[in-house]
Amino acid sequence: MKKYLITGALALVGMVFNTSCQNDMENYSSPEEAKKAIFAENFEKFYGTPNPNQDWGFADASLASVTATTRAHNVNGNLWYQNWQRPVNVTSDEATKVLTAFSVKRENQTNAITINWNNYWVHQVHQSNNSYYNGYGQNTGDIHTKMNKIIAYNTSGNSNYYEHVNNFNDGNNTTVYTDDETHQEYIGTTLMLNMGTSASANNQFGYHNTIDSKDHFEYFIIAGADIDASLAGYYYVGFDFCASHPAGQEANKNMDVARDWIYNDWIVRISPATHVGSGGSTGGNINQNTSSTEVYTKQHVLVHKWVFCEDLGSSSNRRDFDYNDLVFDARIVDEYKIIKNADGTESAYSADPTHRYYAKLTPLAAGGEYEVWFNQSNQPIHSLFVPSTANNVLINTCNSSLDYATPHTEGLAAQTIIYTFNSRSQASLSNINIFVRSSTATYELTANTGEAPHKICVPPGTRWPYERTDITEAYSGFTSYVENRVDPWNDGVDEKLYPLNNVPDSLKTDQYNQYTYIKDTQNSSSSTTYDVTPSSSETTIWTGNNDFIGWDGAYAVEIPASSFSEVGAGTVIRFYGVASGYFQVKATYGNTWDASNLGDSRWSDGCVYSNSSLSSYFELTLNATTAANFKANGMRLWGTNLKLLRVTYDNTNKSTSGSSGGSSSSGTEIWSGSKSIGFNLELLISKDKFANATSTSVIRFHGTDNGGYKQIWLKTEGWQNIVCAYASNDWPSSNYVDLTIGDYLSTIQSNNITIQGAGVTITKIELFP
């Protein structure tokens, strides 16, 4: 530790901070230098000498640390199908086989398999409720709550760089995404992108243990083919729970948990993510021809952190090291112009290739001792809050249950300011200059590597300590962080930390790799034409350039019945078009607004297809009933916010049965009688009737028309809606309607179902394989 001596006028400054230090200062010529020196000496006295490589979180808070290909986790699970072959959920049988394989003790065996995929799925397989004993013989309790994240290796950073696998926390992943097209639910799945994993890299996967505040790499990979032939192509990662005290803390035996060499404490599945591009793999494509440009300003967030600051006030008091004198959200943005193509891809805008680099800074909390401000702002931090306050008011730092001598206010939000960088190399949170003005000095807050920090960079959503709370009381691992660089931010003491109730969720959630687009109307034009190239198996039944700009019939498209003469059960109708945003299309039988259930679960309310955008096609698969209705009546299409270009049909999977378009094999009768259905529980069918059904099985409802509006609903015996099988003013001349089970199979096989509705007398129900 350095020793200093203050003499003359500077001695008065020393007394302001720490009278006991006035004989330990020398060779300082300004009050600000003295203030920083005293702060550093007290910091080391309280928390130890900083590790010479400790960068206080700022090393990866710059654009210089971001490569051209950026890592990411894609959490738009409803839209995965647009660019990736759909993932496959983990089955209960698969989980049982995998758990058995990982429940074998592998004494002193370590992982020997390397996963070097760039893009892959991570799936939850098993959450342990195992418990172990620490060095004092105390039970750890359910250890999955201590395993609070999964990390994966990524070469886009330095050799010690890891990416958080989003949504995997507390030994589990409970997220559910619903596919916009198929309505399939994907459970416990995260898509990792651009991981660039090197085949020579060590420690590819790990977890964070809150007992010792360390990242752990005790993991083992087993190839699925080595477990069961049905699992070939998958790999499974199992983690072995353990903990150990940091160096120099041998007395903390509560942080010691011995390994048992059984890698079943947390298991996930890794499978490759295969890019398929926009649209599907069986239809054609749309070629865009543009003689103009659609120019957008793209604002791309490449760094998102929070920063905790200490104003170097009463640094002789350990309780003043609360690092809440300024807390702010910081997002570094790379802003540039791009051309958005009609297929949703982007290209460079050569007329203006410049990039603008800046940070969006939003204060979250402020102290009340000194005036603090950003050097690019002409106003102190307190004036950025709404309403603004005097500089001596504590903002968003106080515990309402305690008395504070200093005035304070809670729950205030602040304006966001723009902090500009001159170049990409300068775009770093460490280069955001923060100044403090006291009665004797004006000085800049710094965070030099290996020195006592005036500011600390932390993950978004990290809670700051309450006012006058020693940071080690709020984060018990802070001392280890100073000396050993062990991240303490996942292990805060709740009652010592300020709640984040008034912080917007968008700031608390890491916005890394998120972006927004702003249309540049001055440089854009919209003269674009499109050419559709169907696949060889498709027959075109309508082509044009129709804009659905409202539900008005003037914009509707009519396709005559003669165009459907060759369709049947299994025929796929494809609708090619483009939409830059949310759109809807409704298909009806003939020239009518009313439509029955089209039997395709991708169409909501039976007859409406919607999605967030389109640059290829969407589909409707016909069953015997819908094929017969379109053959008899034709099709009318209504919609909003879509340019329809072509409609085709594909008979590749059309049933080869007779002209009725029914199932190619005879059905099994699962109910017969005569029941005029209502909304009651009078017509019940046991789930056992569907034991051998598949998602392609068809339920056929025979019946007669009772007049009025007709509905057939499948519901559980507990009144839960499953699906509307039919809804129309008309009843088919065939006197039956079909429903393909599709995604409703598991619901039907696990519940007794009731047939409800109106306007129909049901006479027989059949199941076709």
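This dialogue walks through selected features of a predicted model.

Reader: What should I know about numbering and pLDDT first?
Author: Residues count from 1 along each chain as its sequence is written, and the model is predicted, so local features need pLDDT of at least 70, side-chain atom pairs count only at pLDDT 80 or more, and totals for chains, interfaces and linings use all residues. Side-chain values use heavy atoms, without hydrogens and water.

Reader: How many helices and strands does the chain have?
Author: Both are DSSP runs, numbered from the N terminus: helices are H or I with at least four residues, strands are E with at least two. Here the chain has 8 helices and 43 strands.

Reader: What share of the residues is buried?
Author: Buried means under 20% relative accessible area, exposed over 50%, partly exposed in between (1.4 Å probe, protein chains only). In this chain of 769 residues, 53% are buried.

Reader: What share of contacts joins residues at least 24 apart?
Author: A contact is heavy atoms within 4.5 Å. Take contacts between residues at least 6 apart in sequence: 76% of them join residues at least 24 apart.

Reader: In what order do the strands of the open sheet run?
Author: Two strands pair if DSSP finds at least two bridges between them. The order is E18-E24-E25, with antiparallel pairing. E18 (371-374) and E25 (442-444) are the edge strands, each pairing on one side only. The twist averages 25 degrees from one strand to the next; axes are lines fitted to C-alpha atoms, for helices over the stretch in contact, and angles run from 0 to 180 degrees between N-to-C directions. E24 (residues 434-437) meets E25 over 3 bridges. Arg-437 has Thr-442 of E25 as its bridge partner.

Reader: Which residues make the nonpolar surface patch?
Author: Patches use residues with over 30% relative accessible area and no salt bridge; like charges are joined within 9 Å, nonpolar side chains (Val, Leu, Ile, Met, Phe, Trp, Tyr) within 5 Å. A salt bridge puts a side-chain nitrogen of Lys or Arg within 4 Å of a carboxyl oxygen of Asp or Glu. Areas come from the Shrake-Rupley method with a 1.4 Å probe; for residues, only the protein chains shown count as cover. Phe-679, Leu-681, Leu-684 and Trp-719 make a patch of about 370 Å². Trp-719 lies in the loop between E39 (710-716) and E40 (721-728).
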